[in-house]
Amino acid sequence: MRVGVLVSGSGSILSALIQSGIDICVVVSDRPCLGLDVARSNAIATELVERKSYGGDFDRNDYTSRVVEKLLNYKVELVAMAGFMTILGEPIFDAFPNKVLNTHPALLPSFKGAHAVEASLAAGVKLSGCTVHIATPQVDAGPILAQEAVPVFENDTPASLHERIKEVERRLYPKCILEISQGGHVL
Ligand code: GRF
């Protein structure tokens with residue numbers, strides 16, 4: 001399966017996907033970021049669909065359609081969000097039904113949203129982890145494909161806990177995507 005990856009950040013999950021041998025045909029970002037550099041240094045095509053507005057005038061469906069257009073240009077069959085920080089609208093779920101995946105740095109359905117690691121620490125949980133799931137128009141919802149827990153330590157900071165979670169994501173997310181793309185996991 002031809003996989004398109006969406007990034008906004010440092011691209012360490014993307015790196016793990018690349019190293020696992022997944023057939024990534026394009027990496028799309030909503031902003032200039034290290035993730036695009038990771039793609040370029042691995043000779044993977046990149047598309048910057050820059051998000052210009054974070055205010056009330058942001059047209060989510062129009063933005064999403066522009067992302068979808070890029071993915072379709074590369075004949076993408078499976079979309080993997082890897083730290084993509086713009087919530088996408090219906091057009092991507094229409095274009096890729098049940099074929100948009102996400103990894104989230106918490107054990108869903110707890111701690112949805114962009115600040116999951118901070119919220120987990122603030123709640124004082126003793127276990128956190130990551131969730132790989134099929135994305136739906138509802139943020140951080142959708143059928144769960146895999147989860148793995150990590151311990152939370154007394155002296156954890158958001159950065160230390162997030163890194164512990166990402167170590168798992170870098171193993172679990174490629175495994176799930178490979179299973180799906182090799183037909184072992186029916187979506
Ligand atoms: C991951 O923890 C992912 O779950 C979250 O953003 C992080 C991306 O990390 N949505 P990186 O930019 O790939 O290092």
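**View 1. Thr131 and its polar partners.** A polar side-chain atom of Thr131 sits 2.7 Å from the backbone oxygen of Ala106. The Thr131 side chain also makes a polar contact with the side chain of Gln147, at 2.9 Å; such a contact is a pair of N or O atoms within 3.5 Å, where within protein one must be able to donate a hydrogen and the other to accept it, and residues adjacent in sequence count only if both atoms are side-chain atoms. Thr131 belongs to strand β6, residues 127–134 (strands are DSSP E runs of at least two residues, helices H or I runs of at least four, numbered from the N terminus). Thr131 is buried, with a relative accessible area of 0% (buried means under 20%, with a 1.4 Å probe and protein chains only).

This is a predicted model, where local features need pLDDT of at least 70, side-chain atom pairs count only at pLDDT 80 or more, and totals for chains, interfaces and linings use all residues. Residues are numbered from 1 along each chain as its sequence is written, and side-chain values use heavy atoms, with hydrogens and water left out.

**View 2. Polar atoms facing the ligand.** A polar side-chain atom of Ser12 comes within 2.6 Å of a ligand oxygen.

**View 3. The shell around the ligand.** Residues around the ligand include Ile13, His104, His162 and Glu169. Helix α6 (158–181) is one of the elements supplying at least two shell residues, and α6 gives the most, with three.

Methods. Near = heavy atom within 4 Å. Buried < 20%, exposed > 50% of the residue type's maximum accessible area, 1.4 Å probe, protein only.
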